[in-house]
Each structure stands twice: as C-alpha cells, then as structure tokens.
Amino acid sequence: MTAMDKKSLIEDRVNSGLRGQWYPVAKSVEVKASKPYGTRLLGEKIVLWRDAENRLRCVEDFCPHRGAPLSYGEIHEGNIGCRYHGVVVNGEGVVVRVPAMPECALEGRKALKSFEVREAGDAVFVYVPSAEQPEAPDLALPRELTDDAWTGFLCTGVWETNYRYALDNLADPMHGCYLHAESFTLAFGSKQDLMKLDKTDAGFRVSRVGQVGENFDWTEFEVHSGSMFCFLEIPYPPAAGPGGVFRIIGFVTPVDATTCKVFFWRMRRVSGLARDSWRFLYRARLEKTHWDVLEQDRVMLEGMPDDARKREMLYQHDLGVSRVRQILTRAAKSQIEAEMAAE
C-alpha cells in the first residue's frame with residue numbers, strides 16, 4: 001500500500017467517523033420496551049429496544065432472513081421480531097425463533113452484530129468497536145451529568161452536515177458575536193480578538209484573549225479512551241433566573257458522511273426552590289431562544305459544501321478547529337494501522 005493510499009484511508013475514516021467510541025444515539029425516552037427504535041450510526045443501520053428486564057439492547061437493523069428492517073417489527077418477550085416473516089432475534093443477534101417453520105436451522109445461530117449500550121444523562125449511548133479496542137471501555141462522562149447538584153435539559157437535532165463541521169463550530173468561540181449577535185445572551189462583547197489554546201489534563205481549551213464572561217468566550221474539549229465531548233459557558237443576565245452561568249455540554253454523533261446528530265445538555269448548578277423556578281422559567285421563556293441559536297448554527301453549516309475544508313483558508317482564530325482535526329486524524333491513523341496489522 002502506498003503512502004497516498006494510506007492517507008486516503010485515514011481521511012475516509014475521519015470523514016465517516018471514528019470507531020472505538022461511545023456515541024449518544026437517542027434520548028432515553030425514545031427507546032421503549034413496546035416498540036423498536038431504528039437509527040443510523042457511522043453509516044450503519046442499527047435498532048434499539050428494551051428487553052423484558054428493561055435492559056437496553058442494540059443490533060444491526062437487518063433481519064437475517066431476507067434483510068428487512070427489524071425496526072419495522074415488534075417486541076416479543078424482550079426480543080425483536082421482524083414484521084416481514086416473523087423471525088425473532090435476541091439482544092445478542094441470535095435467531096431464537098422462526099415461527100413460520102418450527103425447528104428451522106436458523107434457530108440458535110448468531111446472525112447479527114450486537115452493540116454495547118449504556119444510559120446516562122437521559123441519553124442512550126452505543127459503543128462502536130475498533131480493532132484497537134474491541135471491548136467497550138467505561139463510558140467517560142462530564143461531571144455535570146453525574147452530579148446531582150446540576151440540573152438541565154437535553155436537546156438533540158439532526159443536522160445535514162458532516163459531524164466534523166459541527167465539532168469545528170464548537171471549537172470556534174469567535175463565531176458567537178457574529179452569527180448569534182441578535183440572541184438573548186450572545187449579543188455582547190468585542191468583535192475583534194485573538195485566540196489562545198491551552199492544554200488540560202484531558203484535552204484542551206480554546207479561549208478568547210481579550211474578554212471573559214461576555215459571550216461564548218471559550219470551549220473546553222475532553223478526549224477519553226472511548227469518548228470525546230466539549231463544554232462551554234454562556235453568561236446569563238439576572239432576567240434568566242437563578243443558577244449562575246449556563247453550561248452547555250456537547251456531543252456530536254456521525255450518522256453518515258453528510259449527516260450528524262447533535263446532543264446538547266443545557267445545565268445550571270442550582271438547588272431547592274431556585275432549581276424548580278429555573279426549570280419552569282427555562283421551559284416557559286428561555287427554551288425557544290436557545291433553539292433559535294442552534295438553528296442559526298444548523299442553517300449555516302448545512303449551507304456549506306461537503307468539501308469546504310479543501311478550499312478553506314484558516315487563520316489565527318482557528319486554533320481550536322486545527323486541534324480538533326489533529327486529534328481526529330491521529331486517532332484515525334492509529335485505527336487504520338491497527339486494522340492493517342490484524343490482516
């Protein structure tokens with residue numbers, strides 16, 4: 001294999017999404033024991049459901065009989081049954097029953113890939129194995145999702161753009177004062193600045209040099225064995241209620257080469273009556289303004305060509321963008337080399 005071929009494989013892996021990662025794929029409330037939930041992850045169709053013990057299950061969305069989507073089917077005693085001919089598969093991808101033909105040779109055969117699933121922060125995470133890391137590591141999470149002192153809301157959205165551009169957007173604090181200049185919380189601060197990048201124990205922080213606490217002034221990324229996420233803070237005026245700054249936790253899931261799903265937890269550290277007051281205020285008054293900001297991001301990114309990075313001209317403000325891309329490329333290179341060594 002030539003160096004050019006290897007470079008192309010690495011680029012394709014970055015573009016389609018890294019393996020060896022936990023990805024959020026749905027809200028917890030969307031995955032039920034009464035009905036399958038079908039979605040796509042890294043270009044593959046998968047189906048999720050809850051078994052008789054309410055455990056999450058996930059396999060390929062493919063009936064081993066003729067390939068019909070299992071997500072169109074039904075749940076039978078904790079297993080999933082195909083709507084087309086009734087073939088029943090369990091959470092390990094094993095055919096457990098072929099009702100149209102008793103004692104069929106398909107019964108007992110493992111026919112589908114199954115995936116590890118976890119539930120945290122009102123979301124369902126699926127692990128995509130890699131040659132380097134075939135077994136799922138512990139799911140590393142932001143502390144805000146495991147600390148009862150924090151409360152908030154999960155919002156999700158499907159964006160018709162490659163996940164890389166959604167990550168770039170999060171690593172770019174400078175766009176806040178331009179794209180979101182008319183929003184409730186991001187209408188303040190200077191439109192000129194420089195950026196700095198600082199290493200942290202788990203990743204890096206990119207921040208504006210000239211101002212703090214005025215706008216979307218910094219983003220911090222954490223990179224773990226099996227997950228990558230970011231967080232940032234939005235200063236809140238007193239009219240936004242109790243709880244101090246507004247913290248956003250962000251994960252981006254590659255659906256396919258031109259689609260991603262974003263998961264944003266909107267969090268505040270607040271307790272007691274103030275907690276209830278803020279949650280009510282958010283639902284009643286603030287939620288729409290936050291969706292408006294996300295819509296501005298979505299529309300802008302969806303308007304960019306898929307290959308925009310081939311013609312772009314980066315400058316000093318893109319320190320965070322460059323670092324995210326370096327992280328993805330290094331991880332993809334390592335994964336490709338591990339796959340080549342295993343051949």
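Which residues of helix 1 are buried? I found Ile10, Arg13, Val14 and Asn15 buried there; buried means under 20% relative accessible area, exposed over 50%, partly exposed in between, with a 1.4 Å probe and protein chains only.

Before going on, I noted the ground rules. This is a predicted model, where local features need pLDDT of at least 70, side-chain atom pairs count only at pLDDT 80 or more, and totals for chains, interfaces and linings use all residues. Residues are numbered from 1 along each chain as its sequence is written, and side-chain values use heavy atoms, with hydrogens and water left out.

**Helix 1**

I read helix 1 as residues 3-16, 14 residues in all, reaching 20 Å from its first C-alpha to its last. That is close to the 20 Å expected at 1.5 Å a residue, the expected span being 1.5 Å times one less than the number of residues. Helices here are DSSP runs of H or I with at least four residues, strands are runs of E with at least two, and both are numbered from the N terminus.

I then checked what covers the buried residues of helix 1, and the cover includes helix 2 and helix 5 (319-342). At the start of helix 1, a side-chain oxygen of Thr2 comes to within 3.0 Å of the backbone nitrogen of Asp5. After the helix comes Gly17, with a positive phi near 120°.

**His175**

Next I went to His175, in the loop between helix 2 (163-170) and helix 3 (176-179). Buried or exposed? His175 counts as buried because its relative accessible area is 12%.

I looked for its polar contacts, meaning pairs of N or O atoms within 3.5 Å; within protein, one must be able to donate a hydrogen and the other to accept it, and residues adjacent in sequence count only if both atoms are side-chain atoms. The His175 side chain reaches the backbone oxygen of Asp172 at 2.7 Å. It also makes a polar contact with the side chain of His180, at 3.3 Å. Not counting residues up to four places away in sequence, His175 touches Asn169, His180, Phe216 and Asp297, where contact means heavy atoms within 4.5 Å.

I traced an open sheet of three strands in the order 2-3-4, with antiparallel pairing. Two strands pair if DSSP finds at least two bridges between them. Strand 2 (37-41) and strand 4 (56-60) are the edges, each pairing on one side only. Strand 3 (residues 44-50) is joined to strand 4 by five bridges, and Val47 stands opposite Val59.

Further along, strand 9 and strand 10 (residues 123-128) pair antiparallel over four bridges. They form a hairpin with two residues between them, and Gly121 in the turn has a positive phi of about 55°. The bridge partner of Glu119 is Val124.

**Cores**

Which residues have the most contacts inside the largest nonpolar core? I got Leu48, Val126 and Phe221, in a core of 58 residues. Such a core is a set of buried Ala, Val, Leu, Ile, Met, Phe, Trp, Tyr and Cys residues joined through side-chain atoms within 4.5 Å. A second, separate core of 17 residues includes Ala123, Leu145, Trp218 and Phe229.

**Glu103**

Last stop was Glu103, in the loop between strand 8 (95-97) and strand 9 (117-120). Glu103 counts as exposed because its relative accessibility is 76%. I also noted 33 Å between the C-alpha atoms of Glu103 and Pro129, which are 26 residues apart along the chain.
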